[in-house]
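Student: I have the sequence and the model open. Can we go through the terms one at a time?

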Amino acid sequence: MGNRITGYLGTYSEEIYAFTLDMEEGRIEDIRIAAESPKPSFLTVAPSKKYLYAINELGKDEGGGMVSAFKRDPLSGKLARLNQVPSEGFFPCHVVINDRETHAVVSNYASGTLAVLPLGPDGVLGKAVQVITLSGAGPNTERQEGPHAHSFLFDRSFTRGFAFDLGTDRLMAYSFDPFADLPLTAAAIPWFNVNPGAGPRHGIFDPTGTHGYSINELASTVDVLKYNQSTGIFEELQNISALPEGIAGLNSIAAAIKISPDGNFVYTSNRGHDSIAVFKRDAASGALTLTGCIPSGGKTPRDFSIDPSGNFLLVCNQDSNTMAVFRINRATGDLVKLFAYPVPTPVCVIFS
(Lines give C-alpha, C1' and ligand atoms only; values in the text may rest on other atoms or scores of the structure.)
Protein backbone atom coordinates (compact mmCIF):
# COMPACT_ATOMS: atom_id res chain seq x y z
CA MET A 1 0.00 0.00 0.00
CA GLY A 2 2.97 2.34 0.36
CA ASN A 3 2.58 5.53 2.39
CA ARG A 4 -1.16 5.25 2.85
CA ILE A 5 -3.61 4.91 5.71
CA THR A 6 -7.18 3.64 5.99
CA GLY A 7 -9.93 5.82 7.40
CA TYR A 8 -13.64 5.41 8.05
CA LEU A 9 -16.66 7.64 7.64
CA GLY A 10 -19.82 7.56 9.73
CA THR A 11 -22.94 8.88 8.04
CA TYR A 12 -26.65 9.54 8.43
CA SER A 13 -27.27 7.07 5.64
CA GLU A 14 -27.23 3.29 6.03
CA GLU A 15 -23.52 2.75 5.38
CA ILE A 16 -20.10 3.06 6.96
CA TYR A 17 -17.51 3.98 4.34
CA ALA A 18 -13.81 3.16 4.24
CA PHE A 19 -11.27 5.23 2.33
CA THR A 20 -7.54 5.35 1.68
CA LEU A 21 -5.55 8.53 2.25
CA ASP A 22 -2.31 9.09 0.33
CA MET A 23 -0.08 10.49 3.08
CA GLU A 24 2.12 12.40 0.65
CA GLU A 25 -0.40 14.09 -1.66
CA GLY A 26 -3.46 14.13 0.57
CA ARG A 27 -5.59 12.47 -2.09
CA ILE A 28 -8.39 10.07 -1.26
CA GLU A 29 -7.81 7.18 -3.61
CA ASP A 30 -11.11 5.39 -3.11
CA ILE A 31 -14.22 5.65 -0.98
CA ARG A 32 -16.08 2.36 -0.64
CA ILE A 33 -18.81 0.86 1.50
CA ALA A 34 -17.19 -1.03 4.39
CA ALA A 35 -20.40 -2.16 6.10
CA GLU A 36 -24.12 -1.50 6.23
CA SER A 37 -25.61 -0.22 9.46
CA PRO A 38 -28.54 2.11 10.30
CA LYS A 39 -27.48 5.73 10.90
CA PRO A 40 -23.90 4.97 11.98
CA SER A 41 -23.18 8.57 12.89
CA PHE A 42 -20.28 8.17 15.33
CA LEU A 43 -17.41 5.68 15.06
CA THR A 44 -14.44 4.65 17.15
CA VAL A 45 -11.65 2.13 16.63
CA ALA A 46 -10.45 0.01 19.55
CA PRO A 47 -6.88 0.66 20.75
CA SER A 48 -5.74 -2.67 19.26
CA LYS A 49 -7.09 -1.52 15.86
CA LYS A 50 -8.79 -4.91 15.47
CA TYR A 51 -12.35 -3.71 15.99
CA LEU A 52 -14.55 -0.77 15.05
CA TYR A 53 -17.66 0.31 16.96
CA ALA A 54 -20.50 2.44 15.62
CA ILE A 55 -23.41 4.02 17.40
CA ASN A 56 -26.72 3.74 15.56
CA GLU A 57 -28.41 7.07 16.17
CA LEU A 58 -32.01 5.91 16.46
CA GLY A 59 -34.85 7.44 18.45
CA LYS A 60 -37.79 6.06 20.37
CA ASP A 61 -39.97 5.70 17.27
CA GLU A 62 -37.19 3.66 15.63
CA GLY A 63 -36.90 1.24 18.53
CA GLY A 64 -34.18 3.07 20.43
CA GLY A 65 -30.48 3.52 19.96
CA MET A 66 -28.09 0.68 19.18
CA VAL A 67 -24.34 0.05 19.17
CA SER A 68 -22.73 -2.15 16.50
CA ALA A 69 -19.41 -4.03 16.65
CA PHE A 70 -17.29 -4.91 13.60
CA LYS A 71 -14.04 -6.77 13.04
CA ARG A 72 -11.59 -4.96 10.77
CA ASP A 73 -9.73 -6.49 7.87
CA PRO A 74 -6.33 -4.74 8.22
CA LEU A 75 -5.59 -4.97 4.49
CA SER A 76 -8.86 -4.06 2.78
CA GLY A 77 -10.43 -2.06 5.61
CA LYS A 78 -13.59 -4.12 5.14
CA LEU A 79 -15.75 -4.52 8.25
CA ALA A 80 -17.30 -7.82 9.30
CA ARG A 81 -20.32 -7.35 11.54
CA LEU A 82 -19.98 -9.05 14.92
CA ASN A 83 -23.15 -8.03 16.75
CA GLN A 84 -25.44 -5.20 17.78
CA VAL A 85 -26.87 -4.35 21.21
CA PRO A 86 -29.17 -1.64 22.60
CA SER A 87 -27.53 1.62 23.70
CA GLU A 88 -30.09 1.82 26.52
CA GLY A 89 -31.30 5.23 25.41
CA PHE A 90 -32.45 7.38 22.53
CA PHE A 91 -30.31 9.06 19.87
CA PRO A 92 -26.90 7.90 21.08
CA CYS A 93 -24.16 10.22 19.83
CA HIS A 94 -20.82 8.98 21.20
CA VAL A 95 -18.98 5.79 22.15
CA VAL A 96 -15.51 5.35 23.62
CA ILE A 97 -13.47 2.22 24.44
CA ASN A 98 -11.15 1.96 27.46
CA ASP A 99 -7.48 1.08 27.07
CA ARG A 100 -7.90 -2.57 28.15
CA GLU A 101 -10.78 -3.00 25.67
CA THR A 102 -13.04 -4.36 28.39
CA HIS A 103 -15.87 -1.83 28.11
CA ALA A 104 -17.55 0.73 25.88
CA VAL A 105 -19.13 3.86 27.37
CA VAL A 106 -22.05 5.20 25.33
CA SER A 107 -23.63 8.65 25.60
CA ASN A 108 -27.36 8.79 24.79
CA TYR A 109 -28.23 12.37 23.91
CA ALA A 110 -32.02 12.45 23.93
CA SER A 111 -32.52 10.34 27.06
CA GLY A 112 -29.62 11.85 28.99
CA THR A 113 -28.10 8.48 29.92
CA LEU A 114 -24.69 6.83 30.00
CA ALA A 115 -24.48 3.09 29.32
CA VAL A 116 -21.50 0.83 30.05
CA LEU A 117 -21.28 -2.18 27.72
CA PRO A 118 -18.85 -5.07 28.31
CA LEU A 119 -16.56 -6.22 25.49
CA GLY A 120 -15.52 -9.81 24.93
CA PRO A 121 -11.95 -10.78 23.96
CA ASP A 122 -13.31 -11.30 20.45
CA GLY A 123 -14.61 -7.71 20.28
CA VAL A 124 -18.25 -8.71 20.72
CA LEU A 125 -20.47 -6.29 22.66
CA GLY A 126 -22.44 -7.47 25.67
CA LYS A 127 -25.63 -5.96 26.98
CA ALA A 128 -25.23 -2.99 29.31
CA VAL A 129 -24.02 -3.78 32.82
CA GLN A 130 -24.67 -0.22 34.01
CA VAL A 131 -26.96 2.63 32.98
CA ILE A 132 -26.63 6.06 34.60
CA THR A 133 -29.50 8.53 34.23
CA LEU A 134 -28.40 12.15 34.43
CA SER A 135 -30.65 14.90 35.78
CA GLY A 136 -31.08 18.64 35.69
CA ALA A 137 -31.63 21.37 33.11
CA GLY A 138 -30.03 24.54 31.79
CA PRO A 139 -31.14 28.09 30.99
CA ASN A 140 -31.67 27.49 27.25
CA THR A 141 -35.26 26.24 27.33
CA GLU A 142 -35.14 24.95 23.74
CA ARG A 143 -31.92 22.95 23.99
CA GLN A 144 -31.45 22.44 27.73
CA GLU A 145 -34.88 21.33 28.92
CA GLY A 146 -33.21 18.27 30.45
CA PRO A 147 -29.89 16.40 30.53
CA HIS A 148 -28.21 15.61 27.21
CA ALA A 149 -25.18 13.34 27.52
CA HIS A 150 -23.01 14.21 24.54
CA SER A 151 -19.69 12.44 25.11
CA PHE A 152 -17.45 10.72 27.64
CA LEU A 153 -13.73 11.48 27.96
CA PHE A 154 -11.21 9.25 29.76
CA ASP A 155 -8.06 10.81 31.15
CA ARG A 156 -4.66 9.24 30.42
CA SER A 157 -4.91 6.85 33.35
CA PHE A 158 -8.24 5.40 32.21
CA THR A 159 -9.19 5.22 35.90
CA ARG A 160 -11.22 8.41 35.63
CA GLY A 161 -13.54 9.90 33.02
CA PHE A 162 -15.85 12.84 32.45
CA ALA A 163 -19.38 12.98 31.09
CA PHE A 164 -20.08 16.07 29.00
CA ASP A 165 -23.71 17.06 29.61
CA LEU A 166 -24.87 19.69 27.12
CA GLY A 167 -28.23 19.98 28.88
CA THR A 168 -26.91 20.93 32.32
CA ASP A 169 -23.62 22.71 31.47
CA ARG A 170 -21.55 20.22 33.46
CA LEU A 171 -18.49 18.02 33.10
CA MET A 172 -19.18 15.24 35.60
CA ALA A 173 -16.32 13.18 37.01
CA TYR A 174 -16.48 9.41 37.43
CA SER A 175 -14.02 6.81 38.68
CA PHE A 176 -13.66 3.83 36.35
CA ASP A 177 -12.83 0.28 37.45
CA PRO A 178 -12.97 -2.33 34.65
CA PHE A 179 -13.07 -5.15 37.22
CA ALA A 180 -16.08 -3.86 39.15
CA ASP A 181 -19.64 -5.03 38.56
CA LEU A 182 -20.57 -1.37 38.10
CA PRO A 183 -17.49 0.16 36.43
CA LEU A 184 -18.48 3.84 36.77
CA THR A 185 -18.75 5.54 40.17
CA ALA A 186 -19.48 9.24 40.66
CA ALA A 187 -16.20 10.74 41.90
CA ALA A 188 -16.08 12.61 45.19
CA ILE A 189 -14.67 15.76 43.56
CA PRO A 190 -16.42 18.91 42.32
CA TRP A 191 -17.99 18.69 38.91
CA PHE A 192 -16.79 21.37 36.53
CA ASN A 193 -19.52 23.83 35.53
CA VAL A 194 -19.18 25.72 32.25
CA ASN A 195 -20.86 29.09 31.71
CA PRO A 196 -24.67 28.82 31.93
CA GLY A 197 -26.19 28.07 28.55
CA ALA A 198 -22.82 27.23 26.92
CA GLY A 199 -23.64 23.55 26.30
CA PRO A 200 -20.47 21.41 26.57
CA ARG A 201 -20.25 18.91 23.73
CA HIS A 202 -16.82 17.25 23.38
CA GLY A 203 -13.45 17.42 25.11
CA ILE A 204 -9.80 16.57 24.53
CA PHE A 205 -6.59 16.43 26.54
CA ASP A 206 -3.22 17.71 25.38
CA PRO A 207 -0.51 15.05 24.75
CA THR A 208 0.81 15.36 28.33
CA GLY A 209 -2.62 15.17 29.95
CA THR A 210 -2.06 18.37 31.93
CA HIS A 211 -4.59 20.52 30.08
CA GLY A 212 -8.10 19.81 28.88
CA TYR A 213 -10.17 21.61 26.25
CA SER A 214 -13.97 21.62 26.17
CA ILE A 215 -15.94 22.80 23.12
CA ASN A 216 -19.26 24.42 23.99
CA GLU A 217 -21.82 23.86 21.26
CA LEU A 218 -24.37 26.53 22.11
CA ALA A 219 -21.92 29.36 22.89
CA SER A 220 -19.31 28.39 20.27
CA THR A 221 -16.57 28.78 22.88
CA VAL A 222 -13.67 26.71 24.18
CA ASP A 223 -12.88 26.30 27.87
CA VAL A 224 -9.17 25.86 28.58
CA LEU A 225 -8.78 23.78 31.72
CA LYS A 226 -5.77 22.94 33.87
CA TYR A 227 -6.05 19.30 34.92
CA ASN A 228 -4.68 17.83 38.12
CA GLN A 229 -3.96 14.23 37.19
CA SER A 230 -3.71 13.20 40.85
CA THR A 231 -7.01 14.65 42.05
CA GLY A 232 -9.00 14.75 38.80
CA ILE A 233 -9.96 18.39 39.36
CA PHE A 234 -10.29 20.89 36.51
CA GLU A 235 -9.38 24.55 36.95
CA GLU A 236 -10.52 27.04 34.32
CA LEU A 237 -7.73 29.07 32.77
CA GLN A 238 -9.45 30.63 29.77
CA ASN A 239 -12.74 30.88 27.91
CA ILE A 240 -12.28 31.85 24.27
CA SER A 241 -14.61 32.24 21.30
CA ALA A 242 -14.26 29.87 18.35
CA LEU A 243 -15.66 32.55 16.03
CA PRO A 244 -14.17 35.74 14.58
CA GLU A 245 -15.01 39.04 16.28
CA GLY A 246 -18.39 40.41 15.28
CA ILE A 247 -20.00 37.01 14.65
CA ALA A 248 -22.79 36.35 17.12
CA GLY A 249 -22.81 32.92 18.73
CA LEU A 250 -26.43 32.43 17.70
CA ASN A 251 -25.36 32.39 14.05
CA SER A 252 -23.30 29.27 14.54
CA ILE A 253 -23.04 26.21 16.75
CA ALA A 254 -19.77 24.47 17.45
CA ALA A 255 -19.21 20.76 16.91
CA ALA A 256 -15.84 18.99 17.05
CA ILE A 257 -12.54 19.77 18.76
CA LYS A 258 -9.16 18.15 17.98
CA ILE A 259 -5.50 18.77 18.80
CA SER A 260 -2.51 18.33 16.51
CA PRO A 261 -0.25 15.34 17.31
CA ASP A 262 2.54 17.68 18.44
CA GLY A 263 0.14 19.57 20.72
CA ASN A 264 0.92 22.95 19.15
CA PHE A 265 -2.52 23.67 17.66
CA VAL A 266 -6.16 23.12 18.57
CA TYR A 267 -8.91 23.08 15.94
CA THR A 268 -12.70 23.33 16.24
CA SER A 269 -15.54 23.19 13.72
CA ASN A 270 -18.27 25.84 13.45
CA ARG A 271 -21.56 24.82 11.89
CA GLY A 272 -23.55 27.70 10.41
CA HIS A 273 -20.40 29.75 10.07
CA ASP A 274 -19.07 26.72 8.15
CA SER A 275 -15.50 27.10 9.26
CA ILE A 276 -12.61 25.43 11.04
CA ALA A 277 -11.17 27.58 13.81
CA VAL A 278 -7.39 27.45 14.23
CA PHE A 279 -5.88 28.10 17.67
CA LYS A 280 -2.19 28.43 18.49
CA ARG A 281 -1.51 26.66 21.79
CA ASP A 282 1.06 27.76 24.36
CA ALA A 283 2.64 24.54 25.60
CA ALA A 284 3.58 25.89 29.03
CA SER A 285 0.33 27.59 30.03
CA GLY A 286 -2.10 25.71 27.78
CA ALA A 287 -3.59 29.03 26.64
CA LEU A 288 -5.08 29.40 23.17
CA THR A 289 -4.89 32.22 20.64
CA LEU A 290 -7.36 32.22 17.75
CA THR A 291 -5.34 32.73 14.57
CA GLY A 292 -8.09 32.29 12.00
CA CYS A 293 -11.32 30.66 10.85
CA ILE A 294 -10.88 28.83 7.55
CA PRO A 295 -13.92 28.01 5.35
CA SER A 296 -14.66 24.30 5.80
CA GLY A 297 -15.11 23.65 2.09
CA GLY A 298 -18.82 22.88 2.43
CA LYS A 299 -21.87 23.19 4.63
CA THR A 300 -22.20 22.12 8.27
CA PRO A 301 -18.77 20.78 9.27
CA ARG A 302 -19.99 18.35 11.91
CA ASP A 303 -16.73 16.47 12.45
CA PHE A 304 -13.14 16.42 11.28
CA SER A 305 -9.97 14.48 11.97
CA ILE A 306 -6.22 15.00 11.76
CA ASP A 307 -4.19 12.16 10.26
CA PRO A 308 -1.53 10.61 12.52
CA SER A 309 1.31 12.39 10.73
CA GLY A 310 -0.25 15.77 11.48
CA ASN A 311 -0.07 16.83 7.83
CA PHE A 312 -3.71 16.60 6.77
CA LEU A 313 -7.09 17.56 8.21
CA LEU A 314 -10.26 15.95 6.79
CA VAL A 315 -13.65 17.62 7.29
CA CYS A 316 -17.12 16.06 7.10
CA ASN A 317 -19.44 18.69 5.62
CA GLN A 318 -22.77 17.08 6.41
CA ASP A 319 -25.21 19.24 4.48
CA SER A 320 -23.18 19.56 1.29
CA ASN A 321 -22.48 15.80 1.19
CA THR A 322 -18.74 16.30 0.86
CA MET A 323 -15.50 15.51 2.64
CA ALA A 324 -12.79 18.14 2.22
CA VAL A 325 -9.06 17.54 2.62
CA PHE A 326 -6.77 20.30 3.91
CA ARG A 327 -3.01 20.40 4.19
CA ILE A 328 -1.78 21.60 7.59
CA ASN A 329 1.13 24.04 7.79
CA ARG A 330 3.03 22.40 10.64
CA ALA A 331 4.74 25.69 11.56
CA THR A 332 1.71 27.99 11.66
CA GLY A 333 -1.27 25.62 11.93
CA ASP A 334 -2.87 27.21 8.87
CA LEU A 335 -5.03 25.13 6.54
CA VAL A 336 -4.98 25.01 2.75
CA LYS A 337 -7.80 23.19 0.99
CA LEU A 338 -6.62 20.54 -1.46
CA PHE A 339 -9.56 18.37 -2.53
CA ALA A 340 -13.24 17.63 -1.93
CA TYR A 341 -15.01 14.31 -2.40
CA PRO A 342 -18.71 13.41 -2.55
CA VAL A 343 -20.02 11.36 0.40
CA PRO A 344 -23.68 11.05 1.49
CA THR A 345 -24.26 12.94 4.77
CA PRO A 346 -20.80 12.44 6.31
CA VAL A 347 -20.84 13.18 10.04
CA CYS A 348 -17.77 11.41 11.49
CA VAL A 349 -14.26 10.64 10.21
CA ILE A 350 -11.62 8.55 11.97
CA PHE A 351 -8.33 6.87 11.10
CA SER A 352 -7.38 3.29 11.84
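Tutor: Start with the lining of the largest cavity. The model is predicted. β17 (200-205), β25 (301-306) and β29 (346-351) each give at least two residues to that lining.

Student: What makes the space a cavity and not a pocket?

Tutor: A cavity is a set of points where a 1.4 Å probe fits but cannot get out, whereas a pocket is an open set. By this rule there is one cavity of 30 Å³ or more. The largest cavity holds about 110 Å³.

Student: What makes a residue part of the lining of the largest cavity?

Tutor: A lining residue has an atom within 4 Å of a point. Ser41, Glu57, Arg201, Asp303 and Cys348 are among the residues that meet this for the largest cavity. By class, its lining has four nonpolar, three polar and four charged residues.

Student: How many residues line the largest pocket, and which lie closest to its centre?

Tutor: The largest pocket has about 1400 Å³ of space. It is lined by 39 residues, with Thr44, Val96, Leu153, Ile204 and Lys258 the closest to its centre. The lining of the largest pocket splits into 24 nonpolar, eight polar and seven charged residues. Strands that each supply at least two of its residues include β4 (42-45), β12 (149-154) and β21 (253-259).

Student: And the second largest pocket: how much space does it hold?

Tutor: About 150 Å³. Its lining includes Tyr12, Tyr109, Arg143, Glu217 and Arg271. Five lining residues of the second largest pocket are nonpolar, one is polar and six are charged.

Student: Why are β17 and β20 (234-241) called edge strands?

Tutor: The open sheet has four strands in the order β17-β18-β19-β20, paired antiparallel. β17 and β20 each have a single partner strand, so one side of each has no neighbour in the sheet. On average, neighbouring strands of this sheet are turned by 25° against each other, direction ignored.

Student: How do you know that β19 (residues 221-227) pairs with β20?

Tutor: Pairing takes at least two bridges. β19 and β20 run antiparallel and are joined by seven bridges, so they pair. In one of them, valine 222 has isoleucine 240 of β20 as its bridge partner.

Student: What makes a set of residues a nonpolar core?

Tutor: The residues must be buried, of nonpolar types, and joined through side-chain atoms within 4.5 Å. The largest such core has 29 residues, and Tyr8, Leu52 and Leu125 touch the most other members. Strand β5 (residues 51-56) contributes the most to this core, with five residues. Another core lies apart from it, with 17 residues, including Phe19 and Leu314.

Notes: Residues are numbered from 1 along each chain as its sequence is written. This is a predicted model: local features need pLDDT of at least 70, side-chain atom pairs count only at pLDDT 80 or more; totals for chains, interfaces and linings use all residues. Side-chain values use heavy atoms; hydrogens and water are left out. Buried means under 20% relative accessible area, exposed over 50%, partly exposed in between (1.4 Å probe, protein chains only). On a 1 Å grid over the protein atoms alone, a cavity is a set of points where a 1.4 Å probe fits but cannot get out, and a pocket is an open set with protein on both sides within 12 Å along at least five of seven lines; lining residues have an atom within 4 Å of a point. Grid points are joined across faces, edges and corners, and a volume is the space filled by probe spheres set on the points. Ala, Val, Leu, Ile, Met, Phe, Trp, Tyr, Cys and Pro count as nonpolar, Asp, Glu, Lys and Arg as charged, and the others, Gly among them, as polar. Axes are lines fitted to C-alpha atoms, for helices over the stretch in contact, and angles run from 0 to 180 degrees between N-to-C directions.
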